[in-house]
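Dear colleague,

Please find below the structure that I am handing over to you.

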Amino acid sequence: MKTRVYFLALAMLMSIGALSSCKKEGCTSVNACNYDADAKKDDGTCIDKGQVTFWTNTSGTNFDIDVTINAAVSSTTAEFVDAPICDASGCATFSLCPGSHSYTAREALPGTGTWSGNVVSVEGGCTVILLE
């Protein structure tokens, strides 16, 4: 009888130890759209953000442009002859979860330039928008 109780107690302790060592799975990348702070083991389900970059050309406005998406504001501070690469210096760049996002833009100094519309962010992709 003592042997049976001993084995039962040992089995219970091993079960408790096995359960406590289980790691919660989920997305562990802090920059992902679906980051799970409680996850201890990455399960490969992370959804990466895409970049959206707004720019102006030399034939457009002469003022900096403030662009707003999801209450975040970024500004263009340079003009380009050709489309720049994503996240180029002088562009208004946003890292966004995949999907459609509304934006508004206006000249920072008094002027008549205003823009609005929707932009689609693609997971891990780059979208470049000319404000002219």
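Cysteine 27 and cysteine 46 are joined by a disulfide, with 2.1 Å between their sulfur atoms; a disulfide here is a pair of cysteine sulfur atoms within 2.5 Å. The torsion about their S-S bond is about 110 degrees, so this disulfide is right-handed. Cysteine 27 lies in the loop between strand 1 (25–26) and strand 2 (41–42), and cysteine 46 in the loop between strand 2 and strand 3 (50–57), so the pair ties together parts that are 19 residues apart in sequence. Strands (E, at least two residues) and helices (H or I, at least four) are DSSP runs, numbered from the N terminus. Cysteine 27 has a relative accessibility of 2% and therefore counts as buried; buried means under 20% relative accessible area, exposed over 50%, and partly exposed in between (1.4 Å probe, protein chains only).

The model is a predicted one, in which local features need pLDDT of at least 70 and side-chain atom pairs count only at pLDDT 80 or more, while totals for chains, interfaces and linings use all residues. Residues are numbered from 1 along each chain as its sequence is written, and side-chain values use heavy atoms, with hydrogens and water left out.

By the 2.5 Å rule, the count comes to three disulfides. Another of them joins cysteine 33 to cysteine 97, at an S to S distance of 2.2 Å. This link is left-handed, with -120 degrees about the S-S bond. Cysteine 33 lies in the loop between strand 1 and strand 2, and cysteine 97 in the loop between strand 7 (92–96) and strand 8 (99–107), so the pair ties together parts that are 64 residues apart in sequence. Cysteine 33 is partly exposed at 29% relative accessibility, and cysteine 97 is partly exposed at 28%.

Cysteine 86 and cysteine 126 also form a disulfide, their sulfur atoms being 1.8 Å apart. That link is right-handed, with 100 degrees about the S-S bond. It connects distant parts of the chain, 40 residues apart: cysteine 86 is in the loop between strand 6 (79–80) and strand 7, and cysteine 126 is in strand 10 (residues 126–130). Cysteine 86 is buried at 15% relative accessible area, whereas cysteine 126 is partly exposed at 45%.

With the bonded cysteines numbered in sequence order, the pairing reads 1-3, 2-5, 4-6. Cysteine 91 takes part in no disulfide, and the nearest cysteine sulfur, that of cysteine 86, is 8.7 Å away. Cysteine 91 counts as buried, at 9% relative accessibility.

Leaving aside residues up to four places away in sequence, phenylalanine 94 touches several residues, among them Gly50, Phe54, Val67, Ile69 and Val73, where contact means heavy atoms within 4.5 Å.

As for the whole chain, there are one helix and 10 strands. Of its 132 residues, 30% are buried.

Yours sincerely
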